[in-house]
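Reader: I am new to this one. Please take me closely through the charged side chains and how they pair up.

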Amino acid sequence: MSEPTGDNGVRARIARDSGEELTASRAVLNFALRELSAWSGRPIKRGADRIVLAEGARGTKTFDAVIRLCEAGFGEQALMLDRSLFEGMAVAHWVATNRREAVGLFTRHAKFNALLTYEPLDRLGWLTEQDSPLRPSVR
């Protein structure tokens with residue numbers, strides 16, 4: 001008996017050949033989500049803790065997307081997201097060990113992004129006086 005072809009055939013083969021790995025990956029993701037949502041560790045402080053938490057949240061969403069892409073037969077596209085997962089882990093680790101410097105750099109980065117967003121809008125005349133409080137200042 002031949003295997004089904006098309007998307008259904010691909011998904012059936014993935015489930016058969018990689019089902020255990022995908023199930024294990026989903027279990028790791030579910031564990032992370034449970035631990036993050038039922039946090040019982042020390043209180044989360046401002047600054048570096050929030051940066052690490054944001055990276056963890058982004059990482060869990062990205063890992064979920066990787067699993068879904070793999071299940072659907074898009075392994076190459078899932079691999080593209082793996083770099084983002086690795087970079088997020090590296091950022092979280094660096095922030096945890098360089099707390100003060102990280103907060104300063106992330107704050108400067110956020111201000112620079114705001115400036116890049118508002119600059120062309122201002123140049124095109126799309127901002128009104130009501131937008132003035134939102135405009136970032138260069139300092």
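Author: Start with Arg16. Arg16 counts as exposed, at 52% relative accessibility. The scale runs like this: buried is under 20% relative accessible area, exposed is over 50%, and partly exposed lies in between, with a 1.4 Å probe and protein chains only.

A word on the source. This is a predicted model, where local features need pLDDT of at least 70 and side-chain atom pairs count only at pLDDT 80 or more, while totals for chains, interfaces and linings use all residues. Residues are numbered from 1 along each chain as its sequence is written, and side-chain values use heavy atoms, leaving out hydrogens and water.

Now the partner. Arg16 forms a salt bridge with Asp17, and their closest N and O atoms are 3.0 Å apart. A salt bridge here is a side-chain nitrogen of Lys or Arg within 4 Å of a carboxyl oxygen of Asp or Glu. The structure holds eight of these.

Asp17 also meets Arg13. Their side chains form a salt bridge at 3.3 Å, N to O. Why can these two pair up? Asp17 and Arg13 sit four residues apart in helix H1 (residues 6-37), so about one helical turn separates them. Helices are DSSP runs of H or I with at least four residues, numbered from the N terminus. Asp17 is partly exposed at 42% relative accessibility. Arg13 is partly exposed too, at 47%.

Next, a link between helices. Arg99 and Asp49 join their side chains in a salt bridge of 2.7 Å, N to O. Arg99 belongs to helix H4 (residues 99-123) and Asp49 to helix H2 (residues 48-71), so this pair ties together parts 50 residues apart in sequence. Arg99 is partly exposed, with a relative accessible area of 32%. Asp49 is buried, at 9%. Elsewhere, shared partners join Arg26, Asp64, Arg68 and Glu71 into one salt-bridge network.

Leu36, Trp39, Ile44 and Leu53 make a nonpolar patch with about 390 Å² of accessible area together. Patch residues have over 30% relative accessible area and no salt bridge; like charges are joined within 9 Å, and nonpolar side chains (Val, Leu, Ile, Met, Phe, Trp, Tyr) within 5 Å. Accessible areas come from the Shrake-Rupley method with a 1.4 Å probe; for residues, only the protein chains shown count as cover. Ile44 lies in the loop between H1 and H2. Ile44 is partly exposed, at 44% relative accessibility.

Definitions and conventions
Helix = DSSP H or I, 4+ residues; strand = E, 2+ residues; numbered from the N terminus.
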